[in-house]
Amino acid sequence: TLVEGESLFNDASAIVMFEFIEAAILQEQDVSGFPEMMRRMVILVFGGILAGYILGRFAAVIIRHTFNDPYIEVTLTLSGTYLAYYISDQLVKSSGVLAT
């Protein structure tokens, strides 16, 4: 529902802000200016959403060809969300929470 989606987005936004501030404090990234900060924030947010969308569409295509086998559908759904989180968080360096 709309309320659940809003709650998930709020939680994800808080996690993105935490990761951003943590990286700035630990000086893992150069966030010396406002333009660099905004660029990094856009990568964190929209990179996660884009990675999740692409992997979600890929999983939907695979699930469509399972012919209503509930075990395969559940397995693909769970593994797809974990894979989306891992790819977004570790490989793309964006928000894994928004990708799921």
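Start by selecting S88: leaving out residues up to four places away in sequence, S88 touches G47, G48, A51, K93, S94, S95, G96 and A99 (touching, or contact, means heavy atoms within 4.5 Å). You are looking at a predicted model, in which local features need pLDDT of at least 70 and side-chain atom pairs count only at pLDDT 80 or more, while totals for chains, interfaces and linings use all residues. Residues are numbered from 1 along each chain as its sequence is written, and side-chain values use heavy atoms, with hydrogens and water left out.

Stay with S88 for a moment. S88 sits in helix 3 (helices are DSSP runs of H or I with at least four residues, numbered from the N terminus). Is S88 buried or exposed? S88 is buried, with a relative accessible area of 0% (buried means under 20%, exposed over 50% and partly exposed in between, using a 1.4 Å probe and protein chains only).

Next, click on K93, one of the residues that S88 touches. K93 lies in the loop between helix 3 and helix 4 (96-99). K93 is partly exposed, at 46% relative accessible area. Check its backbone too: phi of K93 is near 60 degrees, a positive value in a residue other than glycine.

Now move to L44. Apart from neighbours within four places in sequence, L44 is in contact with V16, E19, F20, K93, S94 and S95. Which residues make up the largest nonpolar core? Select these 8: A12, V16, F20, M41, L44, V45, V97 and L98 (such a core is a set of buried Ala, Val, Leu, Ile, Met, Phe, Trp, Tyr and Cys residues joined through side-chain atoms within 4.5 Å). Helix 1 (2-25), helix 2 and helix 4 each supply at least two residues of this core.

For the next stop, select G52, L55, G56, A59, I63, L76, T77, G80, T81, A84, A99 and T100, which line the second largest pocket. Helix 2 (34-64) and helix 3 (70-91) are the elements giving two or more residues to this lining.

Finally, zoom out to the whole protein chain. How many helices and strands does the protein chain have? There are 4 helices and 0 strands. Colour the protein chain by pLDDT, the predictor's confidence in each residue, from 0 to 100. The average is 80, and 88% of the residues score at least 70. Confidence is lowest in helix 1, with a mean of 73, and highest in helix 3, at 89.

How values were computed:
On a 1 Å grid over the protein atoms alone, a cavity is a set of points where a 1.4 Å probe fits but cannot get out, and a pocket is an open set with protein on both sides within 12 Å along at least five of seven lines; lining residues have an atom within 4 Å of a point.
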